[in-house]
Amino acid sequence: MNGDNIWSNNLISIIEEFQDCFDSMERYELLFDYAKKHPTPLPPEDWNDSNKIIGCQSRAHVSCNLDEDGNFVLRGGADAQIVQGLMSITAIAVNGMAPDSVSKMTPNYAEEMGLQSSLTPSRANGFLNMFRRVQEEATKLVK
Amino acid sequence: MQIRSDFPILERKLPNGKQLVYFDNAATSQKPRCVITAMSDFYEQYNSNAHRANHTLADEATTALEEARVNIANFFGTSPNQLIYTSGATEAINLVAFSWARANLSKDDIVVLTEMEHHADIVPWQQLSKEIGIEVRYVPIDIETFKLDMEAFSIAIIDASLVCVVHTSNVLGVRNPVEEIIQLSHSVGAKVLLDCAQSAPHEKINFDILGADFIAISAHKMAGPTGIGCLLVKENIMEEMAPFMTGGSMIKTVTTKGSTFQDGHALFETGTPRIAEAIGWGAAVEWLNQFDMADINSHVHNIASWTAKEMRKIPGIVIYGNPEESDSSGAVSFLHESIQSLDMALLLDEGGFAVRTGHHCAQPLMDALNVPSTNRASFWVYNTMEEAKSFIEHLRYIVERFT
């Protein structure tokens, strides 16, 4: 369900790919594959306290800026493949969007992909914290 | 199997349809039906405040609270007068820091800890150091054997006033040589505080024979409810403790000119007691009384030992601790060289296996091991070899599929 979200065709096809998975282990396998496909990775040497995501059990970092055309770019890196995979998909989803649109997105694409059971806030795996951080950065970039 | 049928939760299926296999017992144990019933009976039949009124319900509640104290104290080989109810081991250790240490230690005193301690047995002493300037010393572990460096221990305790040691490590499952630790510490005039949160579910703690000055215990790791535990204190040392919290229950008289206080454990149990929780814990020790604790230890050790042996055959798995050794309890901490611990935990959860992931509230130990976190499977009386076998099978499947 796209709802009020502006989901790119790329993201919609990723959601469909996940929905076609046979079971949760296959979904995780696909997520591990996406972990290797981050379009704009943040290498570990650029990880620092200012781009660290708090509240994540693994190490996770994001850095957001605008390209020369004023479009959003999410750079990210995490040591856990599940977090890195979600970051990759999020980057595919938001890269190239206007920062205003990014700030209005909701994180329900993860639910649509069938990953909600591993994404509750108490699991502390950082997806929701990462998503909120991206939105905060997007809001700042609008200003 | 009779034991398993006492625990309704073990029948539960997870939302993905998988049968729960609960291997997070070092975090908290599950509760037998008799504990749940004892607590609900209290609320349904005789809920009332204790030590306050003369009506029937108040009398029944007070009697049940104090009967539980007797049963729990007996279970730990001591008298009910030596048992102070607390919220758990953390509050028990803080009680020593606030009530005994603040009254008896000053700037020149030394408190000895180990690198194996849980944060609950580190932070109170760091805070006390900030407040009154005590010196805190840490005994290292040998990272080859995962055991305390007893040579360093013997040196660290020189001139110490208090030695605080975890009985069994919540991360490594290693049982420290507490008898030797108590003897050495007392020989230099230091008091000894043992954190028995992990050992109490696995072995017989006999407070009076063991000879420690203080022992901290949590109920919830040994079939009891959360929110209750105790500090066991030697009689002559309880007299050296000043009240930690003040208010109702701990007083004899209060006038506008001042107050007089109760003696013994009542001095440290301020406010309405944890009545239902104490009753639940009493029921838990009664349930445990059907076993020889040595049999529980042997059962848990056999599962942990077999699991560790099988895990070592899986490529890339590294185990922290020596679960195969006889002085280890039921925890197997491990990492896979290429599957991050958070990933491993979620993949195990998909198979129905509940294990702990993280630093286990023991960051200095993680630093000593040079890892940020581990996965930990921990076992108890109701776990079976069949569960361990299915765990190894699923772990092997994860490693094959995700590396």
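Biologist: Which residues are exposed on the other side of helix 14 of chain B?

Modeller: Exposed means that 12 or fewer other C-beta atoms, placed from the backbone, lie within 10 Å of the residue's own; buried means 20 or more, and partly exposed lies in between. Here B:Met385, B:Glu386, B:Glu393 and B:Glu400 are exposed. This is a predicted model: local features need pLDDT of at least 70, side-chain atom pairs count only at pLDDT 80 or more, and totals for chains, interfaces and linings use all residues. Residues are numbered from 1 along each chain as its sequence is written, while chains are lettered from A and ligands numbered from 1 in the order in which they are written.

Biologist: Which residues of helix 14 of chain B are buried?

Modeller: B:Glu387, B:Ala388, B:Phe391, B:Leu395 and B:Ile398. Helices (H or I, at least four residues) and strands (E, at least two) are DSSP runs, numbered from the N terminus.

Biologist: How far does helix 14 of chain B reach from its first C-alpha to its last?

Modeller: Expected span is 1.5 Å times one less than the number of residues. Helix 14 (385-402) has 18 residues and reaches 25 Å, close to the expected 26 Å.

Biologist: Into which domains is chain B divided?

Modeller: Bounds come from an automatic or database domain assignment. Domain 1 is 2-23 + 292-402, and domain 2 is 36-288. Their contact takes 26 residues from domain 1 and 24 residues from domain 2 of chain B. Contact means C-beta atoms, placed from the backbone, within 7 Å. Helix 11 of chain B gives the largest share of the domain 1 side, 5 residues. That side has 15 nonpolar, 9 polar and 2 charged residues. Nonpolar covers Ala, Val, Leu, Ile, Met, Phe, Trp, Tyr, Cys and Pro; charged covers Asp, Glu, Lys and Arg; the others, Gly among them, are polar.

Biologist: Which residues touch the most other members of the largest nonpolar core?

Modeller: A nonpolar core joins buried Ala, Val, Leu, Ile, Met, Phe, Trp, Tyr and Cys residues through C-beta atoms within 7 Å. Of 165 residues here, B:Val163, B:Ile215, B:Ala216, B:Leu231 and B:Ile279 touch the most other members. Each domain of chain B supplies at least three residues to this core.

Biologist: How many residues of chain A are in contact with chain B?

Modeller: 14 residues of chain A meet 12 of chain B. Helix 2 of chain A gives the most to the chain A side, 5 residues.

Key
Contact = placed C-beta atoms within 7 Å.
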